[in-house]
Amino acid sequence: MDIAHPTAKQHKGNQAETLAQRHLERQGFSLVTRNFSCKTGEIDLIMQDREMLVFVEVRYRKETGLG
């Protein structure tokens, strides 16, 4: 993956993550980190709600009728 030049799919994914992050922040959550990587995969957003950590997987869909 070339971080300097994201693909169209990566760009849409980043936009969806930003929208999800902003929505959760409006609900009172605070961002801990984005795109946390480990050997088993990646977590899109890690948010905090008071004393609880929330792990968020963001999925972008073109069709609004699903999900």
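## Overall layout

Contact here means heavy atoms within 4.5 Å. By that criterion, among contacts between residues at least 6 apart in sequence, 18% join residues at least 24 apart. The model is predicted.

The protein has one helix and three strands. Along the sequence they follow the pattern α-β-β-β. The helix α1 covers residues 8-26, and β2 covers 41-49. Strand β1 takes in residues 30-38. Strand β3 takes in residues 52-56.

The C-alpha trace spans about 35 × 35 × 20 Å along its principal axes. The protein has 67 residues, of which 18% count as buried. Its accessible surface comes to about 5700 Å². Carbon and sulfur atoms account for 53% of that surface.

## The hairpin

Strands β1 and β2 run antiparallel and are joined by seven bridges. They form a hairpin, with two residues between the strands. Within this pairing, Ser37 stands opposite Glu42 in β2.

## The nonpolar core

In soluble globular proteins, nonpolar side chains tend to be buried together. The largest nonpolar core of this model has eight residues. Its members are Ala16, Ala20, Leu24, Phe29, Leu45, Met47, Val56 and Val58.

Leu45 is one of the core residues. What does Leu45 contact, leaving aside its neighbours within four places in sequence? Its partners include the core members Ala20, Val56 and Val58. Leu45 also contacts Glu17, Gln21, Leu31, Thr33, Arg34, Val54 and Phe55. Two of these partners, Glu17 and Arg34, form a salt bridge with each other.

## Salt bridges

The structure holds two salt bridges. In one, Arg34 pairs with Glu17, and the closest N and O atoms are 3.3 Å apart. Arg34 lies in strand β1 and Glu17 in helix α1, so the pair ties together parts that are 17 residues apart in sequence. Glu17 is at 8% relative accessibility, so it counts as buried. The cut-off for buried is under 20%.

The other salt bridge joins Glu57 to Arg59. Here the closest N and O atoms are 3.4 Å apart. Glu57 counts as partly exposed, at 48% relative accessibility. Arg59 counts as exposed, at 60%. The cut-off for exposed is over 50%.

## A nonpolar surface patch

Which residues make the nonpolar surface patch of about 290 Å²? They are Val32, Leu53 and Phe55. Phe55 sits in strand β3. It has a relative accessible area of 52% and is therefore exposed. Phe55 is also among the residues in contact with Leu45.

In a regular strand the side chains alternate between the two faces of the sheet. In this model, Val56 belongs to the largest nonpolar core, whereas Phe55 is part of the surface patch.

Definitions and conventions: Residues numbered from 1 in each chain as written. Predicted model: local features only at pLDDT ≥ 70, side-chain atom pairs only at ≥ 80, totals over all residues. Heavy atoms only, no water. Core = buried A, V, L, I, M, F, W, Y, C linked by side-chain atoms within 4.5 Å. Buried < 20%, exposed > 50% of the residue type's maximum accessible area, 1.4 Å probe, protein only. Helix = DSSP H or I, 4+ residues; strand = E, 2+ residues; numbered from the N terminus. Salt bridge = Lys/Arg side-chain N within 4 Å of Asp/Glu carboxyl O. Pairing = 2+ DSSP bridges. Patch = residues over 30% accessible without salt bridge, like charges linked within 9 Å, V, L, I, M, F, W, Y side chains within 5 Å. Areas by Shrake-Rupley, 256 points an atom, 1.4 Å probe, with all protein chains shown as cover.
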